[in-house]
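I opened the model to look up a few local features. My notes follow, one topic per entry.

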Amino acid sequence: MISQSKNKNIVILGSQWGDEGKGKIVDLLTARAQAVVRFQGGHNAGHTLVIDGKKTKLSLIPSGIMHPQVTCFIGPGVVVSPTVLLNEIAMLRQEGIDVTGRLKISANCPIVLPTHIQLDLAREKARGAAAIGTTGRGIGPTYEDQVGRRGMRLGDLLKPSRFIERVTELLAYHNFLLEHYYHVPTVSLETVLEATLSHRDAIAGTLCDVTASLDDLSRAGNIILFEGAQGTLLDIDHGTYPFVTSSNTTAGAVSTGTGIGPCRIDYVLGVTKAYTTRVGAGPMPTELTDQVGQHLRERGQEFGTVTGRPRRCGWFDVILMRRSALLNSLTGLCITKLDVLDGLKTVKLCVGYRSQNQTPESVSDEALLSAPATSSAVPFAIPFAIPFDSEDLAHAEPIYETMPGWAEDTSGMTSWNSLPDNAKNYLKRIETLVGVPIDILSTGPDRIETIIVRDPLA
Ligand code: GDP
Ligand code: IMO
Ligand code: MG
């Protein structure tokens with residue numbers, strides 16, 4: 001019998017362009033979960049956890065690993081670099097966290113090879129000014145090989161002679177591209193085997209049938225958290241193409257990336273900053289290059305976890321967030337980094353766009369509010385046009401609603417009532433305009449610097 005209790009299978013994903021603070025929130029909610037699962041992406045992700053002032057950065061291992069009672073899973077939708085995985089396990093061991101028996105990985109995970117990294121870097125270089133600004137971790141080329149049905153998977157490591165045969169074939173193809181198309185150095189078979197087959201024994205001990213294990217856990221009534229990487233607007237199908245990552249980052253990927261069917265998902269939490277950031281190239285209508293942008297970058301410490309690149313910063317974009325709510329059928333919002341807005345005289349919300357190629361949109365409150373403010377009724381007809389072409393979106397001029405800011409320091413606040421009135425008004429306005437309730441609010445990087453408005457696990 002499948003458990004009838006509510007909210008057992010909970011998805012936590014980014015609803016902007018990544019780095020929304022997913023890691024912190026997954027870690028926080030894991031205290032009451034039995035399993036945490038990554039379902040897409042790879043070590044392009046960088047999730048920072050702060051527990052009692054101590055920072056841990058994870059890129060591949062689920063953010064729930066800090067809690068000893070929990071089993072962490074990496075589903076078949078995740079691309080895995082064996083070297084990065086083992087380094088991360090070793091880093092955690094040094095921190096006193098033993099993952100033995102608690103980290104289980106699908107044998108179907110595609111392997112990130114050293115040549116994938118070379119191809120990623122070579123392609124970016126060849127694109128010149130049109131570069132995507134990838135993390136250079138080989139993620140795109142690995143997914144390409146998976147879809148091209150020529151990729152290597154973790155389970156292949158269990159049969160060394162077949163592995164060597166197949167990887168030699170793949171290497172010939174990669175090296176042909178590297179040498180003759182991109183004119184960059186090739187990679188030797190020894191290097192590839194060192195990064196893969198030499199880790200066979202260590203990897204073999206972690207492999208399991210993730211789908212069956214999750215099904216067992218779920219049927220036994222356990223709470224399972226599904227941890228997204230990247231963000232909705234980086235989704236390969238629904239994001240700001242071609243400035244996206246190479247996986248589906250939206251809620252549908254939970255099913256394809258784990259094998260757990262869509263009807264098993266009880267709740268989807270969309271993590272979003274109280275403003276907007278983006279790393280890498282691509283359209284970002286609300287980007288600020290002025291002093292306010294600088295305030296957000298400095299106060300928010302907006303530098304990439306993986307690459308250290310400064311993140312582009314701007315105002316909160318209601319229009320894109322509504323799209324995100326629709327794409328993910330968001331049940332609740334978690335707004336992070338409210339504290340970063342402290343001290344600004346005014347705060348702005350983008351509530352529409354004027355486009356060069358379109359008649360200016362007039363945004364009436366009536367139209368905005370006609371959409372019910374309940375999560376289950378995310379409107380299917382969005383009242384304003386979103387330019388779907390990245391070039392058009394890049395030229396879209398935001399229409400802002402301006403609200404008074406607050407001078408008070410909200411860092412570390414743990415109760416809604418202690419928030420300044422203007423902060424409450426700003427948050428309530430977001431809730432109304434997006435049409436999804438704010439269930440969690442984050443006021444600082446530490447696990448405890450959080451306000452649970454409505455418990456997703458209740
Ligand atoms: P993720 O990729 O979504 O997990 O996010 P990252 O870890 O890449 O980036 C979020 C950053 O913001 C991390 O450095 C977090 O420690 C930090 N952070 C998370 N929540 C808050 C918050 O409410 N306030 C502040 N000031 N920092 C936060
Ligand atoms: P987390 O999980 C922010 C961005 C890159 C680039 C694009 C494609 O920490 O939120 P890729 O290497 O995936 O081919 O790069 O996607 N990107 C991210 N931006 N946070 C991430 O992960 C990201 N992972 C990829 O900057 O624009
Ligand atoms: Mg990140």
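I began with strands β3 (residues 47-51) and β4 (residues 54-58), which are antiparallel and joined by five bridges. Strands here are DSSP E runs of at least two residues, helices are H or I runs of at least four, and both are numbered from the N terminus. Two strands pair if DSSP finds at least two bridges between them. I found Leu49 opposite Thr56 of β4. Two residues sit between the strands of this hairpin, and Asp52 has a positive phi near 50 degrees. I then checked cover: four of the five residues of β3 are buried. Buried means under 20% relative accessible area, exposed means over 50%, and partly exposed lies in between, with a 1.4 Å probe and protein chains only.

**Ground rules.** I noted that this is a predicted model, where local features need pLDDT of at least 70, side-chain atom pairs count only at pLDDT 80 or more, and totals for chains, interfaces and linings use all residues. Residues are numbered from 1 along each chain as its sequence is written, chains are lettered from A and ligands numbered from 1 in the order in which they are written, and side-chain values use heavy atoms, without hydrogens and water.

**Metal site.** Which residues coordinate the magnesium ion (ligand 3)? I found Asp19 through OD and Gly46 through its O, at 2.0 to 2.1 Å. Donors are N, O and S atoms within 2.8 Å of the metal (3.2 Å for Na, K and Ca); water is not among the atoms, so the site may look incomplete. The two residues are 27 apart in the chain: Asp19 is in the loop between β1 (9-14) and α1 (22-30), and Gly46 is in the loop between β2 (35-38) and β3. Asp19 is partly exposed at 23% relative accessible area. Gly46 is buried at 12%.

**Ligand 2.** I listed the 20 residues around ligand 2; Asp19, Lys22, Thr135, Gln230 and Thr245 come nearest. A residue is near if one of its heavy atoms lies within 4 Å. I then looked for polar contacts, meaning pairs of N or O atoms within 3.5 Å; within protein, one must be able to donate a hydrogen and the other to accept it, and residues adjacent in sequence count only if both atoms are side-chain atoms. A polar side-chain atom of Thr135 is 2.6 Å from a ligand oxygen. For an N or O atom in the His47 side chain, the distance to an oxygen of ligand 2 is 2.8 Å. Gly46 uses a polar backbone atom, 2.9 Å from a ligand oxygen.

**Thr249.** Is Thr249 buried or exposed? It is buried, at 0% relative accessibility. I placed Thr249 in the loop between β8 (224-227) and α9 (252-258). Its side chain reaches the backbone oxygen of Gly231 at 2.8 Å. Leaving out residues up to four places away in sequence, Thr249 touches residues including Leu13, Gln40, Gly231 and Asp235. Contact means heavy atoms within 4.5 Å.

**Helix α4.** In α4 (residues 139-147), the buried residues include Ile139, Pro141 and Tyr143. Their cover includes α3 (114-127) and α5 (160-181). Arg149 follows the helix, with a positive phi near 60 degrees.

**Cysteines.** I counted zero disulfides, a disulfide being two cysteine sulfur atoms within 2.5 Å. The sulfur of Cys350 is 16 Å from the closest cysteine sulfur, that of Cys313, so the two are too far apart for a bond. Cys313 is buried at 0%, and Cys350 counts as buried at 0%.
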